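This briefing is meant for a reader who is meeting this structure for the first time. Please look over the sequence and the structure shown here before turning to the notes that follow.

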Amino acid sequence: MAQADTTKKIHIEQGSVQETLIIPLYGRKLCAEVFPRLYNDTSAAELCARLDYDFSELDGNANSTFWRFGALEAAMRQLDMEWEIKDYLTLHPHAAVVNMGCGLDQTPRRCDNGTCLMYNVDMPDIIEARAGLLPEVDREHNIACDLNDFRWMDEVDGSGGAIFFAAGVFHYFTAAQVQAIVCALADRFGSCRIVFDTIGKLGRFLMRKTFKSFGMENYDECLCVEDVSELRSWCPGAIVSARGYMLGYYDMDDPAVTGLHRFLARLGDRRVKMQIIRMDISG
Ligand SMILES: C[S@@+](CC[C@H](N)C(=O)[O-])C[C@H]1O[C@@H](n2cnc3c(N)ncnc32)[C@H](O)[C@@H]1O
């Protein structure tokens, strides 16, 4: 197994779409510091320390209620994805667990049952940075590819089943792009589970400045889901369901979670339509 060079700092370019991985990573670091009963993964803090990136603005906001809520969002999403992966692996212990738009997220490793295969897919520069920080472990494979270029799917061995998940990624894709990925996965893998988070129209409107800062002027084309039944026509036969992103899996049990955080979580799930979508496809 390759050893990471723990002295080398990895540079992340400001203003790039790839920079989007910093926010959830920093959020998970902050969450482990502030809400340790809810979320105790310290790996994000270790990774942040190894990045050549100016965290001063994020550090300056770390005490704000709203930034802490943002940290909760990053952590809850990871816990939700873990729930879905572990659930799938109970029935398919040799499955491929595929992290689409992985950034520096290590969710598959956290779900490793000793027999599954783990795949991390992202753009080449991110995979290069990842390889320097997190060398592949046993049964883990990094794939440097644009998710819209379906050649990455050729590298996934789904013979033992497959669960594909995207955390904080499909907001930046058009609905047509996400539909094309989902249909291609269904065609190629037959039986599989696909899990991703979405926001509704209000959420997309609230995120418009973020989209624009990443050069997406046509943010109104980005995927948003008001009602999960909209996705049923994508794959005939798929069982499509949704749960609240903030409170649909866990009740955010931590003494540091304030009443305002809970209020924002309910608002997020109900009004902003923050959801975790699950599509169970049978071949
Ligand atoms: C908000 S970050 C989320 C990272 C990770 N999923 C997490 O939860 O920490 C979005 C990630 O999607 C990746 N991404 C965006 N567009 C992509 C594309 N077309 N193909 C592959 N990866 C993409 C970015 O490089 C980035 O790592």
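Predicted model: local features only at pLDDT ≥ 70, side-chain atom pairs only at ≥ 80, totals over all residues.

Asp87 counts as partly exposed, because its relative accessibility is 28%, which falls between the 20% limit for buried and the 50% limit for exposed residues. Asp87 also belongs to a network, in which salt bridges that share partners join Glu84, Asp87, Arg193, Arg278 and Asp280.

**The salt-bridge network**

- The structure holds 20 salt bridges, and one of them pairs Glu84 with Arg193, where the closest N and O atoms are 3.3 Å apart. This pair links distant parts of the chain, since Glu84 lies in helix α4 whereas Arg193 lies in strand β7 (residues 192-198), 109 residues apart.
- Glu84 forms a salt bridge with Arg278 as well, and here the closest N and O atoms are 2.9 Å apart. This pair, too, links distant parts of the chain, with Glu84 in helix α4 and Arg278 in strand β9 (residues 275-281), 194 residues apart.
- Arg278 also forms a salt bridge with Asp87, the closest N and O atoms being 3.8 Å apart. Because Asp87 lies in helix α4 and Arg278 in strand β9, the pair ties together parts that are 191 residues apart in sequence.
- As a general point, side chains of opposite charge can pair when their charged atoms come close.

**Burial within the network**

- Glu84 is buried, with a relative accessible area of 2%, and Arg193 counts as buried at 6% relative accessibility.
- Arg278 has 18% relative accessibility and therefore counts as buried, the limit for that class being under 20%.

**Other residues of helix α4**

- Glu82 has its place in helix α4 and is buried, with a relative accessible area of 6%.
- When neighbours within four places in sequence are left aside, Glu82 is in contact with Thr107, Arg110 and Cys111.
- Phe66 is likewise found in helix α4, but Phe66 counts as exposed, at 56% relative accessibility.

- Helix α10 (residues 259-270) has twelve residues and reaches 16 Å from its first C-alpha to its last, which is close to the 16 Å expected at 1.5 Å a residue.
- The buried residues of α10 are His261, Leu264, Ala265, Gly268 and Asp269. These residues cover an arc of only 130 degrees around the axis, and therefore they lie on the same side of α10.
- In general, an α-helix has 3.6 residues a turn, so residues three or four places apart point the same way.
- The cover over the buried residues of α10 includes α4 (65-91) and β8 (239-244).
- On the face of α10 that is turned away from its buried side are the exposed residues Gly259 and Arg270.

- Phe66, Leu260, Phe263 and Leu267 make a nonpolar surface patch of about 390 Å².
- Helix α10 gives the most to this nonpolar patch, with three residues, while Phe66, which also takes part in the patch, is found in helix α4.

Terms used:
Residues numbered from 1 in each chain as written. Heavy atoms only, no water. Helix = DSSP H or I, 4+ residues; strand = E, 2+ residues; numbered from the N terminus. Expected span 1.5 Å × (residues − 1). Buried < 20%, exposed > 50% of the residue type's maximum accessible area, 1.4 Å probe, protein only. Arc of directions from axis to C-beta. Contact = heavy atoms within 4.5 Å. Patch = residues over 30% accessible without salt bridge, like charges linked within 9 Å, V, L, I, M, F, W, Y side chains within 5 Å. Areas by Shrake-Rupley, 256 points an atom, 1.4 Å probe, with all protein chains shown as cover. Salt bridge = Lys/Arg side-chain N within 4 Å of Asp/Glu carboxyl O.
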